[in-house]
Amino acid sequence: MTAASTRAAGSVGVVETQYADLPGPLRLDSGRELATVRVAYETYGALSPERDNVILVCHALSGDAHAAGRSTRPGESTRDGFGAEDRDGSAGKGLGWWDGMIGPGKAFDTDRFFVVSTNLLGGCGGTTGPSSIDPATGRPYGSDFPVITVADMVRAERALLDVLGIERLAAVAGGSLGGMQALQWAVSYPDQVDAIVVIASTHALHPQGLSWNAIARDSIMRDPDWQGGHYYGTGRTPDAGMGVARMVGHVTYLSSVSMGDKFGRRLQHADDIRYTITDAEFEVESYLRHQAETFVRRFDANTYLYTSRALTYFDLARQHGDGSLGRALQPIRARTLLIAFSSDWLYPPVASQEIHDALREQGKPVELHVIDAPYGHDCFLLEEARQTPIIQAFLGSDEKEAP
C-alpha cells in the first residue's frame, strides 16, 4: 500500500478545460479521415521532469473531460451515477465525474501522478464530434460524421499526448467504455503503457448489452425531430427519443436489488393509484423521467448514437485475434488490474474473468478483484472508497512490466 492511502484525501481545486488542435488529419478504422480534430482535456497534478508519471483517465459513454475538481463553468454535472444527488447534493453540480478517485491522496494520487482526462472522439464536451462544424461544408456534421471505433478514440488520445509532449504512460484507467479504451491502449501501443486499470468493463459487450444499446439508439432515430441526424439549427431536437434512450440506459446501469431498496413500489404523489396513463404514478417512474430531463439538457443525441455504436463494435478477439481473445491480448506488456462488481449484469464479472484467464495463461501480470456491491454497473462511479485501496496498492507495486 502506498503512503497516499494513509493520509487525508484532498481536491485538485478549480479546473479549467483546455483544448488542443491535432496537427494533422486523423485516419479512422472505417477508411475515412477527419481533416481537423480538436480535443478537450484537463490535467491534474504536476508532470515530472522525466515525463514518466502520466496517467490517462478515459470516461464512459456520457462523460466528458472534466473528471476531477470543480469546473470553472459548472452546468449539468456528468457526475450522475445512481444516487449521485443523494451523495453530492447541490455540491455535485461542478464536480468532475470521478472526483472521488482523482486528487491528493486518492486512488489516482495527484501528489504522485500527472493525470490527463480527455473528452473522447465523437463527444459533445469540446472534442470534435457530430455537433462540430464540418470544414468542408461550414455546417455541423450531423449524421455525416464518420462512424468511429474505440481504436479511433485511442488514436485521438495518442495524438493529443503527442501534442503535449508525452511519449509514455504510467497507466491508462477507466470504467465501462473507459475500460475498453484502456484495453485498446495496451493492445495498440504495448510499448507505451506500463499499466492499465480496467473497471466494470469487457473485451466485448454481451448480446444483452448489444440489445439494450440497439433499443436506445432506435428510440433516438425514430423520433421525428432527429431529422436524419441534421437537427442542428432547426429549433427541433430529438429530446423525446433521447430521453427514452437515457431511461433505458440508466436501468441497465442499475440492479434489481438497488432499485428495490431505493424505490420499491412506492407511489409518487398519493396513497393510492390515480388511474392515469400519462402521470408518473410510482417513484421509480418519476426518477427515470428526471434522469431523462436532465440528460437531454447536457448531452447531444448524435454523440449518444456514435458512442453507443463504437462500444458495441468493440470486440478484441474479432478485431485483433482472429476470434481468439488470447491471441488478441498477446501484444500486451502492461501490468493489468481488473475490477468488477458482483451485481453488474451489463458488464458482468465473467467478462473480466475471461480477460484475467487469457492473460494469466500467457504468463502476463494481471490481478482481478470482484467487489460485492449492490448497485449494478454504476458501482464504478459509486464504490470509490472500496476501489481506492486496490488501485493504490496496484499503482504502488514494484512489479515491473512483462517482458
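**Salt bridges and a covered strand**

A: Start with Asp218 and Arg222, whose side chains meet in a salt bridge (3.5 Å, N to O). The term needs a side-chain nitrogen of Lys or Arg within 4 Å of a carboxyl oxygen of Asp or Glu. This is a predicted model: local features need pLDDT of at least 70, side-chain atom pairs count only at pLDDT 80 or more, and totals for chains, interfaces and linings use all residues. Residues are numbered from 1 along each chain as its sequence is written, and side-chain values use heavy atoms, with hydrogens and water left out.

Q: How many salt bridges does the structure hold?
A: It holds 14. One of them joins Asp29 to Arg155, with the closest N and O atoms 2.7 Å apart. Asp29 lies in the loop between strand S3 (26-27) and strand S4 (33-34), and Arg155 in helix H2 (residues 150-163), so the pair ties together parts 126 residues apart in sequence. Helices (H or I, at least four residues) and strands (E, at least two) are DSSP runs, numbered from the N terminus.

Q: Is Lys106 buried or exposed?
A: Buried means under 20% relative accessible area, exposed over 50%, partly exposed in between (1.4 Å probe, protein chains only). Lys106 is buried, at 10%. Its salt-bridge partner is Asp99 (3.7 Å, N to O). Asp99 is buried too, at 9%.

Q: Which strands does S6 join?
A: Strands pair if DSSP finds at least two bridges between them. S6 has 4 bridges to S10, running parallel. S6 also has 4 to S13, again parallel. In S6, 5 of 5 residues are buried.
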